[in-house]
Amino acid sequence: MQKSLKNKKTPVETAKALVGLMTIVSAADGNIDDSEVDLITEAAMQIDEIKHLDSSEIVSAFKQTVDLINQQGFEKAVYETAKKISGEYKKLGFFLAIQAMLADGEIEDDEMIAVDLIKNSLGVSDSEAEEIIRIISNS
């Protein structure tokens, strides 16, 4: 998933949008629990496309996304966040959304809806989504 982008520094706005997608899925059930916050933090520290963000940028991306959800609604937040992610990062965005959905060990209907909205907003095809889910299932 990450190998094709490893040698390229992700633009800050794209990296923050990737954090935003994880935040959206985490917030979909109306509650962001500790395991979901831990996932976002871990991803921000370990995933090459995000780890160059400093802690204030991560917190800022998280807060901006929550504010966007509160001000414009869930669907608009998904659309606005997804449009900041360029083609080469779209599959990674979907991958991170799936990871966020699985973070607390429960798959809520609202999280599934969020992941589906993200998939469609990013333009990830059904076959690409199935491939990503298969990768996650095998890890």
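**Exercise 1. Determine which residues E80 touches beyond its neighbours within four places in sequence, and decide whether E80 is buried or exposed.**

Solution. The model is a predicted one, in which local features need pLDDT of at least 70, side-chain atom pairs count only at pLDDT 80 or more, and totals for chains, interfaces and linings use all residues. Residues are numbered from 1 along each chain as its sequence is written, and side-chain values use heavy atoms, with hydrogens and water left out.

Step 1. With neighbours within four places in sequence set aside, E80 is in contact (heavy atoms within 4.5 Å) with L68 and Q72.

Step 2. E80 belongs to helix α4; helices here are DSSP runs of H or I with at least four residues, numbered from the N terminus.

Step 3. E80 counts as buried because its relative accessibility is 17%. The classes are buried under 20% relative accessible area, exposed over 50% and partly exposed in between, with a 1.4 Å probe and protein chains only.

Step 4. A77, V78, T81 and A82 are also among the buried residues of α4. The buried residues of this helix pack against α1, α3, α5 and α6.

Step 5. A separation of 20 Å lies between the C-alpha atoms of E80 and E49, which are 31 residues apart along the chain.

**Exercise 2. Describe how α4 and α6 cross, and state which residues make the contact.**

Solution. Two packed helices are described by the angle between their axes and the distance between the axes.

Step 1. The axes of α4 (residues 74–82) and α6 (residues 109–122) come within 9 Å and cross at roughly 40°. Axes are lines fitted to C-alpha atoms, for helices over the stretch in contact, and angles run from 0 to 180 degrees between N-to-C directions.

Step 2. That angle makes α4 oblique to α6; under 35 degrees counts as roughly parallel, over 145 as roughly antiparallel, 65 to 115 as roughly perpendicular, and the rest as oblique.

Step 3. The crossing of α4 with α6 is right-handed, the near helix being turned clockwise from the far one by less than a right angle.

Step 4. From α4, the contact takes F74, E75, V78, Y79 and A82, and from α6 it takes A114, L117, I118, S121 and L122.

Step 5. By class, these residues are eight nonpolar, one polar and one charged. Ala, Val, Leu, Ile, Met, Phe, Trp, Tyr, Cys and Pro count as nonpolar, Asp, Glu, Lys and Arg as charged, and the others, Gly among them, as polar.

**Exercise 3. Characterise helix α1 and its contact with α5.**

Solution. Step 1. Helix α1 (residues 12–27) has 16 residues and spans 22 Å from its first C-alpha to its last. This is close to the expected 22 Å, a value given by 1.5 Å times one less than the number of residues.

Step 2. Of the 16 residues of α1, 14 are buried.

Step 3. The axes of α1 and α5 (residues 90–102) come within 8 Å, crossing at roughly 35°, and the crossing is right-handed.

Step 4. The contact joins L18, L21, M22, V25 and S26 of α1 to L92, G93, L96, A97, A100 and M101 of α5. It has nine nonpolar, two polar and no charged residues.

**Exercise 4. Is L53 buried or exposed, and which residues does L53 contact outside its sequence neighbourhood?**

Solution. Step 1. L53 sits in the loop between α2 (34–46) and α3 (55–72).

Step 2. L53 counts as buried, since its relative accessibility is 5%.

Step 3. Leaving aside neighbours within four places in sequence, L53 contacts V12, A15, K16, V19 and I58.

Note on methods
Helix = DSSP H or I, 4+ residues; strand = E, 2+ residues; numbered from the N terminus.
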